[in-house]
Amino acid sequence: MILVQLLYNLTVLISLSLLSGFIDNRFDRNKLIGKISQGVLFGLTVIVGMMHPFVYSEGVIFDGRSILISLCTLFFGPISGGIAALMGIVYRISFGGDGIFTGLLVIISVYLVGFYFHNKKKQSRKILTTNSELYLFGLFVHVVVLIIFVTLPYKIMLETLKTISFTFIVVYPIASLLVGKILIDQEKTRNIINELKESEQHFRNFFDSALVGLFRSRISDGMLIEINSIGAAMLGYTPEEMIGKVRGLDLYSNPNQRNKLLELIKIEGKVDNFEVELVNKKGITLNIAISIKAYPDRDYFEGASIDISSLKHAQKEIKEKQYLLSKAQEIGNIGTWEIDLLENKIKWTDENYRIFGVEIGTQMNYELFLKLVYPNDIDYVNKQWLAAVEGKPYDIEHRILADGKIKWVREKADLTFDQNGKVTRAIGFTQDITKRKDNEVELSRQKALFEAIFNCIPDAIVYTNVDREIIGVNLAFTSIFGFSFEDLMGKKTSYLYESLEEYEHQGKTRFNLTATEQALPYEVKYRKKDGSIFPGETLGTSIKSGDDSIIGFIGIIRDITERKQADEKLKESEYRFRKLYEDGAIGMVMVGKDFKFLMANRTFCQMVGYPEQELQQLTFVDITHPDDKAKDIPHVKKMMIGEIDVYRTEKRFLNKDGQTYWAQLTLSPFYDLNGQFIYNLGIIFNITERKKLEIERQKFFMLAESSSEFIGMCDLEMNPLYVNPAGQRMVGLPDMEAACRVKVQDYYFSEDQQFIADDFFPRVLRDGHGDVEIRLRHFQTGEAIWMYYYLFSVQDDSGTPIGWATVSRDITERRRAEVALRKSEQEFRDLAESMPQIVWATRADGWNIYFNQQWVAYTGMNLEESYGHGWDKPFHPDDQQRARDAWQNAVNNKGIYSIEARLRRFDGEYRWWLVRGVPQLNEQGEILKWFGTCTDIDEMKQAETEIQKLNAELELKVEQRTEQLEASNKELEAFSYSVSHDLRAPLRHINGYVDLLNAQFKDELPVKAHHYLKTISGASSQMGILIDELLQYSRTGRKEVRKTLLDMDALLKEVLEELKTVSKGRKITLDIKELPAVLGDYNLLKLVWANLLDNAIKYTRYQQTAQISVAYKEEAKDIVFCVRDNGVGFDMKYVHKLFGVFQRLHSQAEFEGTGIGLANVQRIIHKHLGRVWAEAEPGKGAKFYFSLPKIERN
Amino acid sequence: MVDLKTILLVEDNPNDVELTLEALLEYNLANHVIAVGDGVEAMEYLRYEDKFKNRKKGNPAVLLLDIKMPRMDGIEVLEAIRKDDKLKTIPVVMLTSSREEPDLKKCYELGVNAYVVKPVNFNDFIEAVKQIGIFWALLNEIPPGD
């Protein structure tokens, strides 16, 4: 019974627990409503439990209130527990009974116990969570309750204790444990949920406020499920714009990158800090670093993203800046370095490495650095550095050894000190100053050099600042002026001059800021320390700085006292010489190496008409006469190299007017101490006048010498003084000497000598001159030389005769020609008179000057009538105009005059004459005369007329014949045309109908009829062939031969090819030679070969082996072709019939054929102007020949 | 069955007409042959004149022309056809007894479509005519517009 009740209680407890959990889920127990709700629930349960208690006796009841209230308070706190306890108390009071006090006490005490442990639990959640703890809690509660039972009336107490102790000690704690457990579980669950909620909230806060982009997307379709605002903003979106709308995979600008990413995720399941390029909303590509983890089982990726675009950009910028810095250092030869003194490490930039010649990247320290310093500088550098570490500035220049080369570097450092004032690190730079150093060294070297030179120069040198205050003088200056440098310090240059005026005049005007650079030396008077004055040749210039501004002046002064004195003396002697030189009668010049006039005196200038200045622009060559250059220049050149000492010549100059100027020139070269040529001194005399006379004389002499006339002179005793070469030649004397050895008389024939000596010469002496035609005698051959002899007397200046001179011409030829002409004239006349023709001559204008007797005899005109312009009178009136035209034509063309014309005979009859004239031309091609003949051609003319008449008749006949022939040809053509059409048609019909008969009535006809039909058909076929061949023959006759160059071999080949059907089944040996080309008609000659070869094949039909050969041989004008066979041949008796039409030497039965073939061959060959023939013997074969003309080579 | 067009045979010799028809019999071509005796009749036929006034319209598929004929010979007919805009496209085959160079030249100058020498041997003749008939009446595509 008790057990049932207990179970009942337990059931209630468990139901309670579940309800409590149910409430707890809806009303937070930490809130008042939850607390009240729990309290009410527990209170109600307590009441329910108390309504069905385990009634021990009236008023003494036991129920689960102790469990419920204790646990309620424990788990839900004092408020809930209080409510439950209060409800239990109220109910218990209403219930009343003996145990009321104890009942209330129990309620209160369990409440207090619960409250106590509730507080404990608050402090540490770990308390009262395990089963044993719960159990002990239950045990403790109920031990307390049992103790309270003591308050029951003793009797009841003992009974009660006896009855319920077991329940209270064993069952109730277990029940507490049970219910507590449920509540704990609920609590735990709730705590977990709360924690979860809390953590989710945290996560959400984190998610939303994270500084990195966070996102989640589905694996299956790539769609973004979540993204925080940073993540979205990174790409220019809001989360709402992206979630569920954007596929993460679409954001990648580079598909390869995306694929790689996906692959990595596939393999690894995640990626970390993978850099990708994504496109933002605006289409701009961003650099994003993402980390992704995949959850394939849940179908999503989770990831974080950081925009590293700016980072990237910054990185790039840094890189660029570093590059720029490095470049700048490289360009400026400046390297920077950093030393960490604590670690003894030196960091160098690339340029620093380069300066030191150390491989870039080598780890450096101080010791290594010292090793690179030039050995002599190591101590210095080390000392300086140690000092720097002590706090002194570090800025040094020293040498280093870089790649074995010595370089100068400047190093400067900035040191960093720690709190204790110790140097920890230093940053510095290294600058390559090798070039500067080199320059400095060079500069100091030059300075030393300059000073040495400065002091060595014998001239005084002074230099000043821009205010002309003396800054320095050289040694020479102090010795010349007597001043020491100390004397002059701070003094102005004016101090040095003779007077202030001199300074004003010289110094101030020249040594000033605006003076242009002064190069020419000038003379200034100076005062020495001792007061003496001296002339100083001064050269001065301003000193300019690099920017072209004047920073001072320098003056160089030479004491020229002695030189001045010497110059004075020289001037005097020079004046004297100059006078002589300029105005003497002799031209004098100095000619330099390049033939330039260095100097020319007035006399020479006058000679050539150039002023000296102009002359100095010219060369010796310029004014030398062109004809003399070739002579002069080589000589002068020889003098220049010392081969000739003096050159004397007579030569021509050209003066300014272009006139020739004769001079005698003496040139002597001058050399310097080394023997080098300096100039030529030339002395020139005027010899123009003398030369003129000489030339005049020479001219006359030349005239006489080169004259072709006899020129001679003799004295009064007639002794020859001069005979010119022409004269010597004429009379056969070898030279002048020989000519002068003989007397003048001896030049003449002895019979003339008296006339000459006694008559002619004295007469000329008297008259002054005279002439005669007389013979001279050739001294060698004795021949006579006819001379036109002109003689004149020669007188001296006073008019006294001193001899004779002659200028005579050889006229032998003329005299000979005159004789010959007379003779030939006579011969011409004799010839003209003896000729049967009329002979005539006219002047160029047609004026008749000669006719022979035949003219007179024929025309009956006497010579007087005939001479002059009457030549055309005898011409037939119809021929006169023609004759005049022909004449005019001949005159115009200067050609032959020729005309056939009728001339009137003395008796009035006209006869035909051929009149011909030939012009005689002079050397200029002008007509001098005409010579002509007239030939009687009357009979010839008549014969000609006769021939013409006959010819005309003949032509007429030929024409008629040709017409007849053409007509007959046409008829023949028409005939063969008809034959071809009209004869063929019936044959065709015969054939046709026979065939039709055969085809349609074959079976009805008797055998014999078949035979007849066959015969008819055969005969008509044969006739068809005959007609065809006849037609061909006729066509061949009519056909025009069209000749081309034919390759006979090819032609023959073609023919043989076509004959293959004929020779089928036959055994034939062909022997065909290579044939020459010919000119012929392709088709016709093909027909020839076809006929001949076809015949050869046909007529060898009965031979076992047919032998056919083709050969040729060349004759003088022809090529002969031959076709030979070993066939049946023929009897030569019938050879004349062989080429006839329809002529056959064999029966149709023996060899079929029409007898047209060879006729055709003959016709074709004849048309080619060839021949055709045959040779044969019966049974021994046949040879057919044909010839064709050879191709002419040209 | 192909719609066969007419073959116009112009031939003065009745024997030749008969033989030609005989040759064309084999392909049933003979039924489509109109034979006229000379050039004048041929032109009348082609131009629907005189007794051909009411003939069925249309040009023949081919004209087989003999050369040597009375009144108007074959070459004259050919010339007249080629000058006539309505007729000039008709194919013309000269079917003649012999091969005379001047005739051949003249015909080709006038634009003949074929020039056939009638073989003496009847079998050859039949063969030739048959070929002509087959080619021009059966195989040849006639010019458009006829």
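A:I169 has its place in helix α6 of chain A, where helices (H or I, at least four residues) and strands (E, at least two) are DSSP runs, numbered from the N terminus. This residue is partly exposed, with a relative accessible area of 31%; the scale used here calls a residue buried under 20% relative accessible area, exposed over 50% and partly exposed in between (1.4 Å probe, protein chains only). The model is a predicted one, in which local features need pLDDT of at least 70 and side-chain atom pairs count only at pLDDT 80 or more, while totals for chains, interfaces and linings use all residues. Residues are numbered from 1 along each chain as its sequence is written, chains are lettered from A and ligands numbered from 1 in the order in which they are written, and side-chain values use heavy atoms, with hydrogens and water left out.

A:I169 belongs to a nonpolar surface patch together with A:V143, A:I147, A:V150, A:F166, A:V170 and A:I174, and the accessible area of the group is about 580 Å². Patches are made of residues with over 30% relative accessible area and no salt bridge, like charges being joined within 9 Å and nonpolar side chains (Val, Leu, Ile, Met, Phe, Trp, Tyr) within 5 Å. Accessible areas come from the Shrake-Rupley method with a 1.4 Å probe, and for residues only the protein chains shown count as cover. Both α5 (131-148) and α6 (154-209) of chain A supply at least two residues of the patch, and α6(A) gives the most, with four residues.

Turning to chain B, an open sheet of five strands runs in the order β2-β1-β3-β4-β5, with parallel pairing; two strands pair if DSSP finds at least two bridges between them. At the edges stand β2 (33-36) and β5 (114-117) of chain B, each pairing on one side only. On average, neighbouring strands of this sheet are turned by 20 degrees against each other, direction ignored. Strand β4 (residues 92-96) of chain B is joined to the parallel β5(B) by four bridges, and B:L95 stands opposite B:V116 in β5(B).

Two helices lie across this region. Helix α2 (residues 39-46) of chain B lies across β1 (7-10), β2 and β3 (62-65) of chain B and runs at about 155 degrees to β1(B). Helix α4 (residues 101-109) of chain B lies across β4 and β5 of chain B, at about 155 degrees to β5(B). Axes are lines fitted to C-alpha atoms, for helices over the stretch in contact (heavy atoms within 4.5 Å), and angles run from 0 to 180 degrees between N-to-C directions.

Over all chains, 68 salt bridges are found, each a side-chain nitrogen of Lys or Arg within 4 Å of a carboxyl oxygen of Asp or Glu. A:R988 and B:D16 meet in one of them (2.7 Å, N to O). Since A:R988 lies in helix α30 (residues 938-1001) of chain A and B:D16 in helix α1 (residues 14-25) of chain B, the pair joins two chains. A:R988 is buried, at 1% relative accessible area, and B:D16 is buried as well, at 2%.

Within chain A, A:K1086 forms a salt bridge with A:E1058, their closest N and O atoms being 2.9 Å apart. This pair links helix α33 (residues 1082-1099) and helix α32 (residues 1048-1058) of chain A, 28 residues apart. A:K1086 is buried, with a relative accessible area of 16%.
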